[in-house]
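Me: I want to go through the labels on this structure and see what each one rests on. Please set every value against its definition.

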Amino acid sequence: MERELQGSFTELRKALFRLNVKDASLLSTAQALLRWHDAHHFCSRCGQPTEKNVAGSKRVCLASKSIYYPQMAPVVITLVSDGTRCLLARQSSFPKGMYSALAGFCDIGESLEEAVRREVAEEVGLELERLQYSASQHWPFPNSSLMIACHATVKPGQTEIQVNLRELEAAAWFSHDEVVTALRRNNPYTQQQNGTVPFWLPPKLAIAHHLIKEWVEKPTCSTLPA
């Protein structure tokens, strides 16, 4: 197929650097649905096979009469700021040089605010002062997730980072100018003369990019209750 179409297959994560918003949304939804169907061939109550409807929006077990719908796991993604800098981190699985906002799954019984505070405390040892909701986005990796994006500020004088190396490879404060430079970088994979890969940010279609760009352009905004 690649030879006939004179192209090549690529991972969807990498394709997001090239796709427009409409195509990216369609492909993300398709991948999430395909993965969900692949993992739900059998009923969790009786073990009998399930069947999908024509639209592919649900699966039904005829034996137990159970109906299964695709679900998304809630994930909080938070850009922490001390007023003049923002905190970005990276996992060992990230491409070289890429840093992003802190993110983690919501636990059962948690509110959005509780999840944000817990994740930030667990990953970098910081206590938050204020929170502000920004936006949300469906994200198909690693499985279907609902990314809930927030801005947060730390308490004055409490900016010392304690990186949880079981969760992160690194975390650091970045200045406004450093972030602006990274946002303008067109090709993140270009190596510098000394062979190192420059600091760069998630692609424009990722909600982390939206959070970071919003912080650069709108330094002040209303906050959720602490």
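Reply: Buried means under 20% relative accessible area, exposed means over 50%, and partly exposed is in between, with a 1.4 Å probe and protein chains only. Helices (H or I, at least four residues) and strands (E, at least two) are DSSP runs numbered from the N terminus. The model is predicted: local features need pLDDT of at least 70 and side-chain atom pairs count only at pLDDT 80 or more, while totals for chains, interfaces and linings use all residues. Residues are numbered from 1 along each chain as its sequence is written, and side-chain values use heavy atoms, with hydrogens and water left out.

Me: Which residues touch the most other members of the largest nonpolar core?

Reply: A nonpolar core is a set of buried Ala, Val, Leu, Ile, Met, Phe, Trp, Tyr and Cys residues joined through side-chain atoms within 4.5 Å. The largest has 30 residues, and I77, L79, L88, V179, F199 and L201 touch the most other members. α6 gives the most to this core, with 6 residues. A second, separate core has 19 residues, including A115, V124, A171 and W173.

Me: Why is F9 called exposed?

Reply: Its relative accessible area is 64%, and the label requires over 50%, so F9 is exposed. F9 is in the loop between α1 (2–5) and α2 (12–15).

Me: Which residues form a nonpolar patch on the surface with F9?

Reply: M1 and L5 form it with F9, and together the three have about 430 Å² of accessible area. Accessible areas come from the Shrake-Rupley method with a 1.4 Å probe, and for residues only the protein chains shown count as cover. Patches take residues with over 30% relative accessible area and no salt bridge; like charges are joined within 9 Å, and nonpolar side chains (Val, Leu, Ile, Met, Phe, Trp, Tyr) within 5 Å.

Me: Is H37 buried or exposed?

Reply: H37 has a relative accessible area of 10%, and the limit is under 20%, so H37 is buried. H37 lies in helix α3 (residues 21–38). Leaving aside neighbours within four places in sequence, H37 is in contact with K52, G56, K58 and R59.

Me: How do you know that R85 and D82 meet in a salt bridge?

Reply: A salt bridge is a side-chain nitrogen of Lys or Arg within 4 Å of a carboxyl oxygen of Asp or Glu. For R85 and D82 the N to O distance is 2.8 Å, so the pair qualifies. R85, at 29% relative accessibility, counts as partly exposed, and D82, at 26%, also counts as partly exposed.

Me: What makes R118 part of a network?

Reply: R118 forms a salt bridge with E110, with the closest N and O atoms 2.5 Å apart. R118 also meets E119 in a salt bridge at 3.0 Å, N to O. Salt bridges that share partners join D107, E110, R118, E119 and E122 into one network.

Conventions:
Contact means heavy atoms within 4.5 Å.
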